[in-house]
There are 2 protein chains.
Amino acid sequence: MCQVTSEFDRAIALTALDDRPGRTRFSAALSDQWSIGSAVNGGLLLALVGNAASTLTGPAGHRHPLAVSAHYLSASTGGAATVEVETVRTGRRTSTVAVGLSQAGDDADQPRVRALVTTGDLVGYDGVTFTAPECPRLPPPEECFSWADSPAGVEKPGPFLDRVDVRLAPDSVGWALGQFDGAGAMTAWFRFPDGRQPDPISLLQVVDALPPVTLTYGHLGWVPTLELTAYVRAVPAPGWLVVRHATRAYVGGLLEEDAEVWDSTGRLVTQSRQLASAPRLPAMA
Amino acid sequence: MCQVTSEFDRAIALTALDDRPGRTRFSAALSDQWSIGSAVNGGLLLALVGNAASTLTGPAGHRHPLAVSAHYLSASTGGAATVEVETVRTGRRTSTVAVGLSQAGDDADQPRVRALVTTGDLVGYDGVTFTAPECPRLPPPEECFSWADSPAGVEKPGPFLDRVDVRLAPDSVGWALGQFDGAGAMTAWFRFPDGRQPDPISLLQVVDALPPVTLTYGHLGWVPTLELTAYVRAVPAPGWLVVRHATRAYVGGLLEEDAEVWDSTGRLVTQSRQLASAPRLPAMA
């Protein structure tokens with residue numbers, strides 16, 4: 001039998017190093033193929049954190065990340081990383097673990113991400129919908145725009161853009177043509193290009209895969225995440241996902257940016273919010 | 001000179017127990033005067049966590065909580081608590097600490113809250129507003145409704161309701177009269193009854209001070225927080241605050257609930273989001 005592994009699953013693979021009571025250490029290999037600029041994409045790190053958490057709490061019946069809160073301390077780079085998971089509490093319906101991702105530095109380990117993860121079984125939370133945001137209606141993926149449609153001469157910010165198949169809606173690409181409408185929002189289709197289907201872990205990647213909404217203001221440049229919290233709300237159906245990013249508050253050098261993800265049946269499957277540093281702007285008149 | 005301390009400041013007071021490199025332990029006395037039911041209010045615990053973090057990182061110039069992510073593990077009760085703070089990283093603009101709040105149990109310490117806190121100086125983040133939600137217009141506080149206006153016979157859920165002066169807008173109190181409009185939202189004025197003015201730490205209390213929006217669906221009962229992340233966006237001006245709570249997604253036994261807080265000048269000062277367990281409902285036809 002031939003085992004097919006997606007590039008996403010390879011990128012979040014973990015090897016257990018040791019296992020003391022309540023504390024497990026894994027090694028991971030961060031691939032620079034998931035980088036934008038010189039930093040590994042924050043969504044991939046979030047998925048790696050969620051994978052480590054679920055691995056530990058799955059045997060207690062808590063296989064899905066319900067809430068993942070990550071603080072990003074320094075930019076992760078391609079290469080070896082250590083993921084340390086501490087079990088904080090194992091309850092009846094949920095477990096909570098603390099996760100630290102670090103990389104060897106010149107003299108000491110460099111903390112990259114610290115996270116708290118509460119896990120459970122999403123199937124046990126299935127039920128009535130009292131309210132949920134409606135899935136935006138987008139033209140079909142083939143009428144939306146991918147990285148490959150960029151105007152000639154635009155430099156690719158990193159190989160990460162080949163790891164994800166993101167198709168921005170026509171009303172979300174004006175910035176790429178120099179039309180800065182200040183909408184502070186974007187919608188897109190998302191899938192993995194190699195056919196890897198969505199699951200609760202991969203949704204953690206999806207919430208940080210679109211270009212930053214600061215681009216709609218004409219603010220170019222890096223938008224490093226300080227904190228990102230994601231709630232996985234349901235097990236996604238196979239197929240394309242729809243993602244909406246929007247900021248409610250972009251003030252004074254800090255930007256809050258929310259993501260909502262719906263599956264191919266139109267069901268809300270993830271909500272996330274991040275606080276990020278806004279790009280440095282050239283002095284404005 | 002006479003030192004006046006507000007009841008909020010007394011409730012979040014900390015005493016340093018010991019101070020090892022990178023790790024400080026504090027004791028705190030959780031007052032059951034801040035309880036709803038038998039549990040100490042989650043907002044007070046968040047403020048206590050923020051206070052511990054700021055105490056440690058203030059000397060590095062990072063006196064304000066910018067992002068606080070807390071996972072609530074078990075209900076805190078009136079009595080002694082230990083708050084342990086680990087310094088994860090001290091950077092140029094921000095510091096990040098991990099905080100654990102626990103209480104002595106029958107045989108072992110019971111973890112109550114685990115949190116990650118990134119601190120900085122909000123004044124350094126002052127600047128242009130590109131977008132921010134507008135402060136809702138409410139009738140003046142004297143035309144809004146406090147706990148004391150409840151219909152006769154309604155039992156007070158706990159002494160916490162006397163610690164905060166919350167005045168719900170007329171369009172946010174239908175549920176108290178049996179009119180369940182399913183709005184999933186509430187707006188209110190907030191202040192401390194003893195005149196204690198708002199600051200970045202007290203805003204962490206404010207985001208979890210209103211009744212849960214599940215009441216607008218006629219769903220009574222406890223709504224325990226699993227996770228709550230708050231972003232403090234500005235130092236608030238003195239005076240009344242305006243708070244808006246709303247859910248975007250209340251599905252299958254889990255509820256996301258957002259809070260936004262504006263100061264008396266109409267400036268957005270805090271955003272928060274929590275994931276909570278919905279009240280258990282009687283079987284529905």
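At the start of helix α2 of chain B, a side-chain oxygen of B:Asn41 comes to within 2.9 Å of the backbone nitrogen of B:Gly43. This is a polar contact, defined as a pair of N or O atoms within 3.5 Å; within protein, one must be able to donate a hydrogen and the other to accept it, and residues adjacent in sequence count only if both atoms are side-chain atoms. The model is predicted: local features need pLDDT of at least 70, side-chain atom pairs count only at pLDDT 80 or more, and totals for chains, interfaces and linings use all residues. Residues are numbered from 1 along each chain as its sequence is written, chains are lettered from A and ligands numbered from 1 in the order in which they are written, and side-chain values use heavy atoms, with hydrogens and water left out.

Helix α2(B) covers residues 42-57. Helices (H or I, at least four residues) and strands (E, at least two) are DSSP runs, numbered from the N terminus. The 16 residues of α2(B) reach 23 Å from first C-alpha to last, close to the expected 22 Å. The expected span is 1.5 Å times one less than the number of residues. Of these 16 residues, 14 are buried (under 20% relative accessible area; exposed is over 50%, partly exposed in between; 1.4 Å probe, protein chains only).

In chain A, A:Asn41 caps the N-terminal end of α2(A), with a side-chain oxygen 2.9 Å from the backbone nitrogen of A:Gly43. Helix α2(A) is mostly covered, with 14 of its 16 residues buried.

The largest nonpolar core holds 64 residues. Such a core is a set of buried Ala, Val, Leu, Ile, Met, Phe, Trp, Tyr and Cys residues joined through side-chain atoms within 4.5 Å. Among the members that touch the most others are A:Phe8, A:Trp34 and A:Val99. Helix α2 of chain A gives the most to this core, with 8 residues. A second, separate core of 63 residues includes B:Val40 and B:Val213.

Strands β1 (residues 15-20) and β2 (residues 23-30) of chain A pair in the antiparallel sense over 5 bridges. Pairing requires at least two DSSP bridges. The two strands form a hairpin with 2 residues between them. In the turn, A:Gly22 has a positive phi of about 75°. A:Arg20 has A:Arg23 as its bridge partner.

A rotation of 180° with 0.0 Å of shift along its axis superposes chain B on chain A (RMSD 0.0 Å). In chain B, the C-alpha nearest the axis belongs to B:Ser69, 3.1 Å from it.

Key. Least-squares fit on C-alpha atoms with pLDDT ≥ 70 in both.
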